[in-house]
Amino acid sequence: MLGEIRKIFKVIGSGWRYIILILLRSPISILMTIVNALFLQQAFNAIAQNDSGQLNIVCIIFGVASLCTFLYNGTVWSVYAAPLVTRMESGLRDKLFRKVSSLSYERIEAMPQGEWLTRLNTDVQMPFSESLPHTAIAIVNICVSAFILWSINPAVFGWVLLFVAPHIVFSQLLIARAMPGLNKKSLEATAKNTGELTALITCADVALLYDGKDYLMKRFEKSSTDLFGANMKIRTRNALGAGILPLFGLGGYLTLLVVSSEWIADGHLTFGDLTAAFQYRGGVLLGSLMLINCIISIQANMAGIRRLNETMAE
Amino acid sequence: MSIIIEDLSFSYAGKQVLDNIHLSVQTGESVGIVGISGGGKSTLLKLVSGLYDVQQGRILVMGAWDSADRRKNVAMVMQSAGLFPASIRDNITCGHDINENDIRRACDAAQLTEWVGTLPDGLDTFVGERGGKVSGGQAQRIAIARAIAKNAYVVLLDEPTSALDNDTSAAVIAALEGLTKGKTVLHVSHRPEILTGCDRIFRLEGGRLYAW
């Protein structure tokens with residue numbers, strides 16, 4: 001998988017600019033998690049100590065920190081990310097178009113027209129999907145949140161891990177593994193559907209003369225139904241994941257609440273510490289969810305990236 | 001009369017392509033029309049076949065004035081075979097319920113049988129998108145078999161060999177004989193030598209029809 005990604009970025013060029021983009025975007029999620037966690041921890045501690053002055057200071061610092069995070073994110077997006085991705089995508093499309101144009105007519109004829117159109121329209125977007133930057137964001141969020149959680153209370157970290165681990169395994173088995181195959185079928189169905197649509201237009205004269213419009217329409221309808229079926233399988237898997245997976249999250253949350261109530265009663269943990277721990281738990285959990293979705297998405301996009309690499313290598 | 005064209009004029013976006021055309025073709029007669037490329041020959045056939053609606057004048061084909069009715073009475077072979085991305089069989093039948101014997105007969109007349117016999121899937125061989133998996137001559141013979149299978153009274157030929165080399169042309173011309181036998185034929189070409197077998201030949205020039 002990494003080899004294919006490396007290959008396509010070699011073709012595109014300016015891969016280091018994309019790495020800078022990923023590095024710039026990677027701390028965003030963990031920054032927000034830390035800001036929220038520290039705010040809740042300090043605010044609840046101040047409330048517990050009836051210290052309104054401290055609470056006001058905490059609120060002002062939180063406001064400023066949130067604003068800074070927001071400005072940082074917005075600046076990276078508008079000044080760097082959007083122009084870079086647009087430029088790289090159009091550059092790849094241009095290179096691909098030149099490559100396809102340089103192929104022999106025999107080679108172009110050998111594949112359905114829809115296949116070429118899919119490469120030029122859809123596949124070129126796949127290396128620049130949000131999945132790669134989001135993977136980095138998720139990994140940083142998981143690692144830093146887990147470390148802080150461990151330092152707050154190793155037992156809390158253990159409970160969080162107990163629910164996050166099956167969550168990840170379940171997602172991998174149920175969704176991620178099937179995605180590349182399902183996405184490949186969906187792309188093939190899209191290409192066939194485009195081919196049938198093209199025939200409806202290019203063979204319109206023959207269809208009229210030989211009363212073959214119904215025949216062509218039936219073929220187009222069948223390919224549309226096949227495309228619908230292929231896409232439905234992908235959506236069903238995603239929906240299944242979206243429906244079942246939150247159960248793990250909710251279960252972990254309730255368990256942690258029950259277990260930590262005793263620690264608070266014993267004075268081993270403040271309520272502020274617990275709310276901060278929930279934030280970091282959220283960081284681990286949401287980071288894991290994001291990571292799983294990114295892996296699924298990258299695996300799904302790999303079909304397109306592979307096709308691009310194949311074409312560019314011809 | 002199989003075809004009667006009266007006072008036919010046609011223009012594209014204000015540009016006159018056909019101007020006051022009069023032509024009558026008797027049943028079983030073969031008429032050739034020669035003219036330069038872009039001179040309106042294909043437009044004339046598209047009008048006769050009912051692919052285009054008449055703007056001015058009248059066209060009667062086997063008793064039908066209406067475009068949709070005219071289409072039922074004609075079979076047409078064009079420069080491009082216009083194959084569907086489907087099997088040879090489906091390209092011949094166009095999805096209609098035609099019995100196997102008639103399909104075989106059409107293949108025989110179009111000189112396809114021998115080649116089809118060499119294919120592992122026979123008539124069920126996929127021709128590719130835009131006929132990409134078959135040669136130009138084979139594609140054109142499939143188009144001829146399709147026209148034969150329609151068994152129309154009138155056959156319209158729009159330079160069916162113009163895109164082929166000499167050897168391939170000879171095979172397609174032989175196939176065309178199977179299609180045009182006993183039919184009313186209107187054949188257009190920019191090469192007069194192609195039309196030597198026609199009973200009458202006309203020249204289309206400046207949108208008007210003249211005797212050759």
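Select Gly272(A): setting aside neighbours within four places in sequence, Gly272(A) is in contact with Leu40(A), Gln41(A), Gln42(A), Phe44(A), Asn45(A) and Ala48(A). Contact here means that the C-beta atoms of two residues, placed from the backbone, lie within 7 Å. The model is predicted, so local features need pLDDT of at least 70 and side-chain atom pairs count only at pLDDT 80 or more, while totals for chains, interfaces and linings use all residues. Residues are numbered from 1 along each chain as its sequence is written, and chains are lettered from A and ligands numbered from 1 in the order in which they are written.

Gly272(A) sits in helix H12 of chain A. Helices (H or I, at least four residues) and strands (E, at least two) are DSSP runs, numbered from the N terminus. Gly272(A) has 21 C-beta neighbours inside 10 Å and therefore counts as buried. The scale is this: buried takes 20 or more other C-beta atoms within 10 Å of the residue's own, exposed takes 12 or fewer, and partly exposed is in between, with C-beta atoms placed from the backbone.

**Chain A as a whole**

Now colour chain A by secondary structure, which comes to 12 helices and 0 strands. Of the 314 residues in chain A, 36% are buried. Among contacts in chain A between residues at least 6 apart in sequence, 87% join residues at least 24 apart.

**H1(A) on H12(A)**

Axes are lines fitted to C-alpha atoms, for helices over the stretch in contact, and angles run from 0 to 180 degrees between N-to-C directions. Under 35 degrees counts as roughly parallel, over 145 as roughly antiparallel, 65 to 115 as roughly perpendicular, and the rest as oblique. The crossing of H1(A) and H12(A) is left-handed; that term applies if the near helix is turned anticlockwise from the far one by less than a right angle, and right-handed applies if clockwise.

To see the contact, show Glu4(A), Ile5(A), Lys7(A), Ile8(A) and Val11(A) of H1(A), which meet Met302(A), Ile305(A), Arg306(A), Leu308(A), Asn309(A) and Met312(A) of H12(A). By class these are 7 nonpolar, 1 polar and 3 charged residues. Ala, Val, Leu, Ile, Met, Phe, Trp, Tyr, Cys and Pro count as nonpolar, Asp, Glu, Lys and Arg as charged, and the others, Gly among them, as polar.

**H6(A) on H9(A)**

Next select helix H6 (residues 113–121) and helix H9 (residues 179–202) of chain A, which pack at an angle of about 120° with axes 7 Å apart. H6(A) and H9(A) are therefore oblique to each other, and their crossing is right-handed. Residues making the contact include Gly114(A) and Leu117(A) of H6(A) and Ala191(A) and Gly195(A) of H9(A). The contact has 3 nonpolar, 8 polar and 2 charged residues.

**Val76(A)**

Move to Val76(A), in helix H4 (residues 52–102) of chain A. Is this residue buried or partly exposed? Val76(A) has 16 C-beta neighbours inside 10 Å, so the residue counts as partly exposed. Beyond four places in sequence, Val76(A) is in contact with Leu24(A), Arg25(A) and Ala81(A).

**Where the chains touch**

Show both chains: 18 residues from chain A and 14 residues from chain B form the contact. Helix H5 (105–110), H9, helix H10 (204–209) and helix H11 (213–266) of chain A each supply at least two residues to its side. H10(A) gives the most, with 4 residues.

**Strands of chain B**

Finish in chain B with an open sheet of 3 strands, ordered E2-E1-E4 with antiparallel pairing. Its edge strands are E2 (15–25) and E4 (56–61), each pairing on one side only. Two strands pair if DSSP finds at least two bridges between them; strand E1 (residues 3–12) of chain B and E4(B) have 5. On that pair, Ser9(B) stands opposite Gln56(B).

Last, select strand E5 (residues 74–77) of chain B, where Val74(B) and Met76(B) on one side and Ala75(B) and Val77(B) on the other are all buried. E5(B) pairs with strand E6 (residues 154–158) of chain B in the parallel sense over 4 bridges. Ala75(B) stands opposite Val155(B) in E6(B).
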